[in-house]
Amino acid sequence: MDKFTKITGVAAPMPLINIDTDMIIPKLFLKTIKRSGLGVNLFDEMRYDDDRNERPDFVLNKPAYRNTEVLVAGDNFGCGSSREHAPWAIKDFGIRCVISTSFADIFFSNCFKNGILPIVMPKEVVDVLLKDAEKGENARMSVDLEAQTVTTSDGEVFPFEVDSFKKHCLLEGLDDIGQTMNKIAAIDGFEAKASVERPWV
Amino acid sequence: MSPTTLYDKIWDAHVADETADGTCLLYIDRHLVHEVTSPQAFEGLRMAGRKVRSPDKTIAVPDHNVPTTPDRVNGIENEQSRIQVEALDKNARDFGIHYYPVDDIRQGIVHIVGPEQGWTLPGMTVVCGDSHTATHGAFGSLAHGIGTSEVEHVLATQTLIQKKSKNMKVEITGKLLPGVTAKDITLSVIGHTGTAGGTGYVIEYCGEAIRDLSMEGRMTVCNMAIEGGARAGLIAPDQKTFDYVMGRPHAPKGAQWEAALTWWKTLYSDDDAAWDQVITIKAEDIAPVVTWGTSPEDVLPITANVPAPSDFEGGKVEAVERALDYMDLTPGTPLTEVEIDTVFIGSCTNGRIEDLRAAAGILKGRKIKEGMRAMIVPGSGLVRAQAEEEGLAEIFLAAGFEWRLAGCSMCLAMNPDQLEPGERCAATSNRNFEGRQGRGGRTHLVSPIMAAAAAITGRLTDVREML
Ligand code: SF4
């Protein structure tokens, strides 16, 4: 997995609430058997019209936001399906961090598995960050995972919380399976005990 | 011992390892797999030279992509869909997991097949790379959806890295009124909590109205726990659960059955257990409901009118403006005047035999409106066979419905069953997101009897007029 330590880049505002995974990556693009190449279809239905031309008013189509690395979004981002294609598409586009007041559970967890940092901030802070993101290309936001801070283009600093285990994995770029494999003895032990207690399983 | 909830009990019985910060390895008893979210996971195993740790506990079935027309036996026309289903075929064989291929009568939607075959049992942990895994919670099993990286993790280790969620109790007191179903309960709860209200929680549904539901109805309720944002939905097992499970192909038998039953009977929340949140709804306050917008929380009784953005606050105002525009609805219009052109009865929410019986009860002796496109897609080949045996299929065909083969179908429209832009559908599925049933398609979520009623009149209809 890619490490996440610190980024400084363009932030894009998407204040719409309840952005669901069907919006992030429509099912049409779930037919792939690969993880890569989904970035062009990120937010597909909002991004392109029926003739596949870009809609100029969609934020990521605007010249100032072509290189977005941080997405500041409305409440309950990533609700809906468990499709990991959503974080794959976000990452493939180049976005490494999403900030919102809340995230859907599975999407939140999927982000960490793909080197994306989802940050939960209180409403007042998200509003400030949305304002900052509106400034476009010249306003660069910094996200520092080690220090657990987001810094606006004006230098205003906001701390954030992150699960210590997830932070560690992101900072080091650790692969979950590899880590769990180190605990195989515990799993073997559990299985041995469970096969006596609940043999029907 | 301090009092605990059902969730606490199942959780405690499955922790294989715990670190100081509360991060656990949760042991997984059943892993269900379908073709859309698994190819990358199997590929990951191959690349790392890993095996499936417990092929015996891993069950695969193609459902999302499969066509539901009889010609599917000749192969899937859409190339990408075919490649995904073929990949599942190959992965199931290569890794030696249980498998129900497209031409097996037991094939169907993964969340219908699991319980039907007795894979899902009380007190288990069940996962699947699909958010509606919550369905299995109806058996008192802790069931949640996972992403593809986690699918690979479970395949390789039979565990999931998890932290414990909070406990929420949703109690539905009293009895449902006529024409009100499990679907109306679950939609009403989401209308109450909002789609993010359950975030961070596992919900246990309880109360007289829940106890009164059949297993099919309970699965409908738990199925949509995810639409309320919850990690899982649970219902404590009781005699109905045990009766449903007994004799199914993979349910325990003989002495093992007795041992299992003894444990299953301990699976309930203690009276004085502590809850992080409690919601109580009176069953008699629940009406047949319908969604008007593009989020499952956009739900109103069928007797209501389309709301206006000014009825809402905060970020919801803009979301409602957008939703009304997408749905092409005018505030103040009675919902019963909204005309529809398509009806879809099926999905893991409402594709079980009881749903089909209920729909047939309304459709018997009636005809769908002329020009209406209406389809019934049973949740599994076995549901389909049973409906044919009970004479339900004849009723559907006589009413003018198409009678399809099993699959997810128009619930998410990955197969050829899709809405055209601007088409409006009364659907028994679980999501009304923009484009969910086809780009530009408009979805109104309803119960099976409400869908049947709408097919007859050609508009959203209060089914109570037809009872
Ligand atoms: S029926 Fe719909 S919700 Fe259920 S598993 Fe299939 S696509 Fe998902």
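The model is predicted, so local features need pLDDT of at least 70 and side-chain atom pairs count only at pLDDT 80 or more, while totals for chains, interfaces and linings use all residues. Residues are numbered from 1 along each chain as its sequence is written, chains are lettered from A in the order in which they are written, and side-chain values use heavy atoms, with hydrogens and water left out. The structure holds 40 salt bridges over all chains. Ten salt bridges cross the interface of chain A and chain B. A salt bridge is a side-chain nitrogen of Lys or Arg within 4 Å of a carboxyl oxygen of Asp or Glu.

**The interface of chain A and chain B**

- Chain A places 57 residues in contact with 73 residues of chain B. Contact means heavy atoms within 4.5 Å.
- The buried area between the two chains is about 5400 Å², and carbon and sulfur atoms give 55% of it. Buried area is the accessible area (1.4 Å probe) that two parts lose on being put together, summed over both.
- A:Lys27, A:Lys31 and A:Trp200 supply 15% of the area that chain A buries against chain B, more than any other three residues.
- Between the chains, 36 residue pairs are in polar contact, with both residues at pLDDT 80 or more. A polar contact is a pair of N or O atoms within 3.5 Å; within protein, one must be able to donate a hydrogen and the other to accept it, and residues adjacent in sequence count only if both atoms are side-chain atoms.
- Several helices of chain A give two or more residues to the side that touches chain B, including H1 (21-24), H3 (85-93) and H8 (184-197). Helices are DSSP runs (H or I, at least four residues) and strands are DSSP runs (E, at least two), numbered from the N terminus.
- H8(A) gives the largest share of that side, six residues.
- The residues on that side of chain A divide into 21 nonpolar, 13 polar and 23 charged. Ala, Val, Leu, Ile, Met, Phe, Trp, Tyr, Cys and Pro count as nonpolar, Asp, Glu, Lys and Arg as charged, and the others, Gly among them, as polar.

**Salt bridges between the chains**

- A:Asp44 and B:Arg439 meet in a salt bridge, at 3.9 Å from N to O.
- A:Asp44 lies in helix H2 of chain A and B:Arg439 in the loop between strands E18 (424-427) and E19 (442-445) of chain B, so the pair joins two chains.
- A:Asp44 is buried, at 2% relative accessibility. B:Arg439 is partly exposed, at 27%. Buried means under 20% relative accessible area, exposed over 50%, partly exposed in between (1.4 Å probe, protein chains only).
- A network of salt bridges links A:Asp44, A:Asp50, A:Arg52 and B:Arg439.
- A:Asp22 and B:Arg436 also form a salt bridge, at 3.4 Å from N to O.

**Salt bridges within a chain**

- A:Lys123 pairs with A:Asp127, their closest N and O atoms being 3.2 Å apart. Both lie in helix H5 (residues 123-133) of chain A, four residues apart, about one turn of the helix.
- B:Glu402 and B:Arg404 form a salt bridge at 2.7 Å, N to O. B:Glu402 is partly exposed at 31%, whereas B:Arg404 is buried at 11%.

**A buried residue with no salt bridge**

- B:Asp184 is found in helix H6 (residues 182-193) of chain B.
- B:Asp184 is buried and has no salt bridge; B:Lys183, the nearest side chain of opposite charge, is 8.0 Å away. Lys and Arg count as positive and Asp and Glu as negative; His and the chain ends are not counted.
- The side chain of B:Asp184 reaches the backbone nitrogen of B:Val289 at 2.9 Å.
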